Amino acid sequence: MNAYLACVLALAAGTYVFRLAGPLLHGRVELPVRVQELLTAGATVLLVALLATGALMEGQDFAGWSRPAGVLVGGVLAWRRAPFAVVVVGAAGATALLRLAGLS
């Protein structure tokens, strides 16, 4: 077995153990309220960081102004509780129109 396959199997086993730990430990481990608040804030920060890097960067370079504007349009539509299809089409449409206008 080569090293690549061993790494993939180890990551698969670790992922399975993490997924299995939740149902097995539910009710046995009680987290303090402060830890629950910190975990919620941490998850929010990670999602915002992922959104920012995906919206602003393409590889090592700035993605241009049309992509962040499209993400902003999609965010506003989602905040206004538009249907998911409307959010996706609105964000893609705004990005496409700005790219068509030469704003890349």
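**Reading a predicted model: a tutorial dialogue**

Colleague: Which residue forms an aromatic pair with F62?

Modeller: Let us take the count before the partner. The structure contains one aromatic pair. F62 and W65 form this pair, with 5.1 Å from centre to centre and 65 degrees between the planes. The arrangement is edge-to-face, because planes over 60 degrees apart are classed in that way.

Colleague: Let us turn to charged side chains. How many salt bridges does the structure hold?

Modeller: The general idea is that side chains of opposite charge can pair when their charged atoms come close. In this structure there are two salt bridges. One joins the side chains of E37 and R34, at 3.8 Å from N to O. The other joins the side chains of E58 and R67, at 2.8 Å from N to O.

Colleague: How are E37 and R34 placed relative to each other in the helix?

Modeller: The general idea comes from helix geometry. An α-helix has 3.6 residues a turn, so residues three or four places apart point the same way. In this structure, E37 and R34 are three residues apart in helix α2, residues 33-56, and therefore about one helical turn separates them.

Colleague: Which residues make the nonpolar surface patch?

Modeller: The patch is made by Y16, V17, L20, L24, L25, V29, L31, V35 and L39, and has an area of about 820 Å². Two elements, α1 (3-25) and α2, each give two or more residues to this patch. The largest share comes from α1, with five residues. One of the patch residues, L25, has its place in helix α1 and is partly exposed at 43% relative accessibility.

Colleague: How does the span of α1 compare with the expected value?

Modeller: Helix α1 has 23 residues and reaches 32 Å from its first C-alpha to its last. This is close to the 33 Å expected at 1.5 Å a residue. Just after α1, G27 takes a positive phi of about 90 degrees.

Colleague: Which residue has a positive phi although it is not a glycine?

Modeller: That residue is R81, with a positive phi of about 65 degrees. R81 is found in the loop between α3 and α4 (84-100) and is exposed, at 77% relative accessibility.

Colleague: Where is S66, and what does S66 touch?

Modeller: S66 has its place in helix α3, residues 66-79. At 0% relative accessibility, S66 counts as buried. Leaving aside residues up to four places away in sequence, S66 touches T95, L98, R99, L103 and S104.

Colleague: In which helix does V89 lie, and is V89 buried or exposed?

Modeller: V89 lies in helix α4. With a relative accessible area of 60%, V89 is exposed, because this value is over 50%.

Conventions:
Residues are numbered from 1 along each chain as its sequence is written. This is a predicted model: local features need pLDDT of at least 70, side-chain atom pairs count only at pLDDT 80 or more; totals for chains, interfaces and linings use all residues. Side-chain values use heavy atoms; hydrogens and water are left out. A salt bridge is a side-chain nitrogen of Lys or Arg within 4 Å of a carboxyl oxygen of Asp or Glu. Helices (H or I, at least four residues) and strands (E, at least two) are DSSP runs, numbered from the N terminus. Patches are made of residues with over 30% relative accessible area and no salt bridge: like charges are joined within 9 Å, nonpolar side chains (Val, Leu, Ile, Met, Phe, Trp, Tyr) within 5 Å. Accessible areas come from the Shrake-Rupley method with a 1.4 Å probe; for residues, only the protein chains shown count as cover. Buried means under 20% relative accessible area, exposed over 50%, partly exposed in between (1.4 Å probe, protein chains only). Contact means heavy atoms within 4.5 Å. Rings of Phe, Tyr and Trp (its six-membered ring) pair if their centres lie within 6.5 Å; planes under 30 degrees apart count as stacked, over 60 as edge-to-face and the rest as tilted. The expected span of a helix is 1.5 Å times one less than its number of residues.
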